[in-house]
Amino acid sequence: MSTWSEVEAAAPELAARVRARFEHHLHHVLGTLTASGAPRLSGTEARFHDGQLWLGCMPSSVKARDLTRDRRFALHSAPTDVEMTDGDAKLNGTVTEVTDLGAITDFLRAIGHGDDIAPGETVAPDVARAFICDIDAATLTRVAGDHLEITTWTFGHDIVVRTVA
């Protein structure tokens, strides 16, 4: 598994295009697994911060419970480009929960959600939960002329580009 910085080093062009899709829109679709093993889709914010991809969520949210129970995730960018010329990005991997309240506070401030936290203070533990994503695979699917182009980077492997007519 790789940090976001490691994905950028291993596949810089693909990482830049995937990141652009995630930064184009604030809200994305997160796939997790429920206690019964069924898939669950939730809306979420994903942000790049300090060389990592972070997920923030409310402390009692079902997605936080899902990620704590089973660390695997799939994250899908918001497909806002109707023609899909810029592409549709997906990331797969596992998360690690951030328990350092100072790090969570820095993250919240960096993304503009820490305005109500006084200087020198940290966020209260019941305000937010945060997870750092370890990336197993990154995929960008886009329309290229008359075909679909699917570019995938998988940890430990070369980039694969497939076309579908």
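Author: Buried here means under 20% relative accessible area, whereas exposed means over 50%. Please keep in mind that this is a predicted model.

Reader: Okay, then is Gln52 buried or exposed, and why?

Author: Gln52 has a relative accessible area of 18%, so Gln52 counts as buried. Gln52 is part of strand β3.

Reader: What is Gln52 in contact with, beyond its neighbours within four places in sequence?

Author: Leaving those neighbours aside, Gln52 is in contact with Thr3, Trp4, Arg47, Ile132 and Cys133.

Reader: Let's go to the largest nonpolar core: which of its residues touch the most other members?

Author: That core has 26 residues, and those touching the most other members are Leu55, Phe73, Leu75, Leu91 and Ile135. The most is given by β6, with 5 residues.

Reader: And what does Leu55 touch?

Author: Not counting residues up to four places away in sequence, Leu55 touches Leu30, Thr44, Glu45, Ala46, Leu67, Leu75, Val95, Arg129, Ala130, Phe131 and Cys133. There is also a second, separate core of 11 residues, and Trp54, Ile104, Ile111 and Val123 are among them.

Reader: Changing topic, how many aromatic pairs are there?

Author: The count comes to 2 aromatic pairs. One is formed by Trp4 and Phe48, which is tilted, with 4.9 Å centre to centre and 55 degrees between the planes. Since Trp4 lies in helix α1 and Phe48 in strand β2, this pair ties together parts that are 44 residues apart in sequence. Trp4 is buried at 1% relative accessibility, and Phe48 is buried too, with a relative accessible area of 14%.

Reader: Why is the pair of Trp54 and Phe107 called stacked?

Author: The ring centres of Trp54 and Phe107 are 4.5 Å apart and their planes are at 15 degrees, so the pair is stacked, given that planes under 30 degrees apart count as stacked. Trp54 belongs to strand β3 and Phe107 to helix α4 (residues 101–110), so parts that are 53 residues apart in sequence are tied together by this pair. Trp54 and Phe107 are both buried.

Reader: Which other residues of α4 are buried, and where do they sit around the axis?

Author: The buried residues of α4 are Ile104, Thr105, Phe107 and Leu108. They cover an arc of only 160 degrees around the axis, which means that they lie on the same side of α4. These buried residues pack against β2, β3, β5 and β6.

Reader: What is found at the start of α4, and what follows α4?

Author: At the start of α4, a side-chain oxygen of Asp100 comes to within 2.8 Å of the backbone nitrogen of Gly102. Gly112 follows α4, and the phi of Gly112 is positive, near 85 degrees.

Reader: Last one, on the cysteines: how many disulfides are there?

Author: The count comes to 0 disulfides. The closest cysteine sulfur to that of Cys57 is in Cys133, and at 10 Å the sulfur is too far for a bond, because a disulfide needs cysteine sulfur atoms within 2.5 Å. Cys57 counts as buried at 9% relative accessibility, and Cys133 counts as buried at 0%.

Conventions. Residues numbered from 1 in each chain as written. Predicted model: local features only at pLDDT ≥ 70, side-chain atom pairs only at ≥ 80, totals over all residues. Heavy atoms only, no water. Core = buried A, V, L, I, M, F, W, Y, C linked by side-chain atoms within 4.5 Å. Buried < 20%, exposed > 50% of the residue type's maximum accessible area, 1.4 Å probe, protein only. Helix = DSSP H or I, 4+ residues; strand = E, 2+ residues; numbered from the N terminus. Contact = heavy atoms within 4.5 Å. Phe/Tyr/Trp six-rings, centres within 6.5 Å; stacked < 30°, edge-to-face > 60°. Arc of directions from axis to C-beta. Polar contact = N/O pair within 3.5 Å; in protein donor to acceptor, adjacent residues only side chain to side chain.
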